[in-house]
Amino acid sequence: FTFPAPDLLPRLISSYFQLPHYLFPILHRPTFEADFAAGKHLKDEGFGAIVLLLCAIGARITDDPRVFLDHPDRPAHPHSAGWAWFRQVQVVRNTALVDPSVYDLQIIALSAQYMAGISPAQACWSMVGIGIRMAQDVGAHRKRMYQEQTVATELWKRAFWCRGPALMALDVWFSATLGRSCALSLNSIDVELPPDCDDEYWLEKDPAKAFKQPPGKPSDLSYFVCLVRLYLIYSHALRTIYSPRSHKDTAEFSHAEWSKRVVSELDSALTAWYESLPPHLIWNPAAENPIHFMQSSSLHSGYRLVQMTIHRPSIGGSGNPSSISLQSLAICTSAARACIHVQKEHQQRRPGLISAGPLASLLSCYTHVPTFVAAVVLLLRIWLAKRTEMRIDVEKEMDDIHAVVNFLALGETR
């Protein structure tokens, strides 16, 4: 492996832990830093690949020109940030001959996180499918694998659960955004969620205190646990409402009755999820903690996306007023506006939260799908209004749509 220059390497790793780690934790930071300080990346191929991938992801948040690919005929392009380190990693090692290791799952999770920002996003969907097969091969999706709580077992659990992009949640995310089927059946999973506990409290001299968050201190990992629970609802919506056969397999209900019942159940689950959020993750534009503010904005964007996902098929769109569910249209419109409002507040606070530059691009990358869908919902509302002579304030809707266009432009540089 060819690693970044000695002065650049620690900066790139620090960039990774500055934000991506807090949004999608795949590693245990104290364990990683101890292994890195001991030079394990120079001796162990799996750990060395992890370091290279952290550098690739960190490069997206760094202005240093050394993170770009050199080209003799044209200037370096910002889209090439980190590619020099990503391309060295054998993402899927020869696991057909040996049992997959936790490094193999982490490599796929981190690779998908990096590849989510490059053109062929469909490659992530295939890659995640391979990672899920690896996890199933070693039983990482089953509770019986975790008989005792250790750093090693919790890392397996994180690698399995991460959206992060990683396995189960990544499967849901890319399946939804690419319009493809989920690879993993929720009926086959019984592993518990990761502990709601920050990295520094995993290891304690007193075993009774290990993996326990101190009372009164909000956990930075609460976001991740809440996100996984949200994605379980998201996955169920994709497997029911959007399945071509689900209503046919329920003979005692008509399609309309079946859809109404499923939507009602999903709405109830989503409401219960929202009401269970810890106080520091409830949407508050004035939140003082920058990490919790970023986590909250990402979480609530995802919440609104799932809400729109549940109700969007019920809107209709044939142009016949009787075919349009005004209730579903109202719910989707409200969710879309709320999602765009989150992004507007985020943009207003961004200069005080983070330095200008590539980090802004990274933040927009994590929430661009919910915001894009929100704009499409508002456009759909305008088109339906024209067809059905519904009276709406088109200028107000277009203001929000243009705000989305400006938000998406933040991600163009990286």
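Glu389 is found in the loop between helix 14 (358-388) and helix 15 (394-409). Helices here are DSSP runs of H or I with at least four residues, numbered from the N terminus. This is a predicted model: local features need pLDDT of at least 70, side-chain atom pairs count only at pLDDT 80 or more, and totals for chains, interfaces and linings use all residues. Residues are numbered from 1 along each chain as its sequence is written, and side-chain values use heavy atoms, with hydrogens and water left out.

- Glu389 is not a glycine, yet has a positive phi of about 60 degrees.
- Most residues other than glycine have a negative phi.
- Glu389 counts as exposed, at 73% relative accessibility. Exposed means over 50% relative accessible area, buried under 20%, and partly exposed in between (1.4 Å probe, protein chains only).

**Helix 6**

- Helix 6 covers residues 102-115, which makes 14 residues.
- From its first C-alpha to its last, helix 6 reaches 20 Å, close to the 20 Å expected at 1.5 Å a residue. The expected span is 1.5 Å times one less than the number of residues.

- A pocket is an open set of points on a 1 Å grid over the protein atoms alone, where a 1.4 Å probe fits, with protein on both sides within 12 Å along at least five of seven lines.
- Its lining has 13 residues, and the closest to the pocket centre are Lys260, Val263, Ser314, Gln327 and Ser328. A lining residue has an atom within 4 Å of a point.
- Helix 11 (255-275) and helix 13 (326-353) are the elements that give two or more residues to this lining.
- Helix 11 gives the most, with seven residues.
- By class, the lining of the second largest pocket has three nonpolar, eight polar and two charged residues. Nonpolar covers Ala, Val, Leu, Ile, Met, Phe, Trp, Tyr, Cys and Pro; charged covers Asp, Glu, Lys and Arg; the others, Gly among them, are polar.

**Polar contacts**

- A polar contact is a pair of N or O atoms within 3.5 Å; within protein, one must be able to donate a hydrogen and the other to accept it, and residues adjacent in sequence count only if both atoms are side-chain atoms.
- Ser15 lies in helix 1 (residues 9-18) and is buried, with a relative accessible area of 10%.
- The side chains of Ser15 and Thr62 are joined by a polar contact of 3.5 Å.
- Gln213 sits in the loop between helix 9 (167-178) and helix 10 (222-240). Gln213 counts as buried, at 18% relative accessibility.
- The side chain of Gln213 reaches the backbone nitrogen of Asp198 at 2.9 Å. A polar atom of that side chain also lies 3.2 Å from the backbone oxygen of Lys217.

**Cysteines**

- The disulfide count is zero. A disulfide is a pair of cysteine sulfur atoms within 2.5 Å.
- Cys332 is buried at 0% relative accessibility, and Cys339 is buried at 0% too.
- Cys124 is in helix 7 (residues 122-138) and is buried at 0% relative accessibility.
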